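Me: I am new to this structure and would like to learn how to read its features. Please take them one at a time.

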Amino acid sequence: MEPQQYYAYNQTREAFLSLNVTIVDQAGEPFWAALSQSQLKSCESIWLSGVTTGGEMAYHCPCDRIYLNKKLQVVALQESAIAFPDKTEVDSFASVLMLPMHAIFSSQTQEGDQILIGTIEDIGAILDGAVCSTRAPEQ
C-alpha cells in the first residue's frame with residue numbers, strides 16, 4: 001500500500017505551499033535519521049509534530065520553515081534556514097512545516113496566517129471553494 005499523500009495550503013493567502021507533504025509525528029522516527037542526511041527536493045515537504053524546541057533535532061540542509069501553533073496558525077517563519085533556531089528565537093510552537101526554499105516568499109505567507117493540511121483526496125474541497133477544517137497529525 002502506498003503511503004498517504006498530504007497537501008499544505010495557506011488558507012489566508014489562498015496559496016498551496018506543497019502538494020507532497022510527509023507527516024512525521026516524532027523527531028525520533030527512523031525516517032528522520034535518513035532525511036537528515038539528504039536535502040529536500042523541490043517538490044517535497046515535511047510536517048514535523050511533537051517538536052517544541054530546535055534543540056531536539058538538527059537538519060543541516062537549507063529549507064523554509066513555518067512554525068505552527070496547535071490550531072495550525074503561523075507563529076514564526078524562517079526563510080532558507082539551515083539550522084533550527086534555539087528556543088529563544090521561536091517562543092512557542094506545536095509543529096514545523098519544512099518546505100523547499102523560497103516557498104514562503106512565493107506564497108507570501110506571514111505570521112498569523114491559517115494553514116490547512118489534509119489528504120490529496122480532500123483537495124477538491126479547496127478547489128471548489130469550500131472551507132476545510134484543519135487537521136492535527138494522526139496519532
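Me: What should I know before I start?
Reply: This is a predicted model, in which local features need pLDDT of at least 70, side-chain atom pairs count only at pLDDT 80 or more, and totals for chains, interfaces and linings use all residues. Residues are numbered from 1 along each chain as its sequence is written, and side-chain values use heavy atoms, with hydrogens and water left out.

Me: How many salt bridges does a search of the whole structure find?
Reply: Side chains of opposite charge can pair when their charged atoms come close. The term salt bridge is used for a side-chain nitrogen of Lys or Arg within 4 Å of a carboxyl oxygen of Asp or Glu. The search of the whole structure finds 1 salt bridge. Its partners are Asp113 and Arg13, with the closest N and O atoms 3.0 Å apart. Asp113 sits in the loop between α2 (103-107) and β7 (115-119), and Arg13 in the loop between β1 (6-10) and β2 (15-24), so the pair ties together parts that are 100 residues apart in sequence. Helices (H or I, at least four residues) and strands (E, at least two) are DSSP runs, numbered from the N terminus.

Me: Does Asp113 count as buried or exposed?
Reply: Buried means under 20% relative accessible area, exposed over 50%, and partly exposed in between (1.4 Å probe, protein chains only). Asp113 has 2% relative accessibility and therefore counts as buried. Arg13, at 32%, counts as partly exposed.

Me: How should I read strand β3, and how many of its residues are buried?
Reply: In a regular strand the side chains alternate between the two faces of the sheet. In β3 (residues 45-49), 5 of 5 residues are buried. On one side these are Ser45, Trp47 and Ser49, and on the other Ile46 and Leu48, which leaves both faces covered.

Me: Which way do β2 and β3 run, parallel or antiparallel?
Reply: Two strands pair if DSSP finds at least two bridges between them. β2 and β3 run parallel and are joined by 4 bridges; Trp47 in β3 is the bridge partner of Ile23. With β6, β3 pairs in the antiparallel sense, over 4 bridges. There, Ser49 stands opposite Ser95 in β6.

Me: How many aromatic pairs does the structure hold?
Reply: Rings of Phe, Tyr and Trp (its six-membered ring) pair if their centres lie within 6.5 Å; planes under 30 degrees apart count as stacked, over 60 as edge-to-face and the rest as tilted. The structure holds 3 aromatic pairs. In one of them, the rings of Tyr67 and Phe93 have centres 4.8 Å apart and planes at 65°, so the pair is edge-to-face. Tyr67 lies in strand β4 (residues 63-68) and Phe93 in the loop between β5 (74-81) and β6, so the pair ties together parts that are 26 residues apart in sequence. Both Tyr67 and Phe93 are buried. Ring pairs also link Tyr7, Tyr9 and Phe16 into a cluster.

Me: Which residues other than glycine have a positive phi?
Reply: His102 is one case, with phi near 80°, and is found in the loop between β6 (95-99) and α2. Gln108 is another, with phi of about 60°, and lies in the loop between α2 and β7. At 42% relative accessibility, Gln108 counts as partly exposed.
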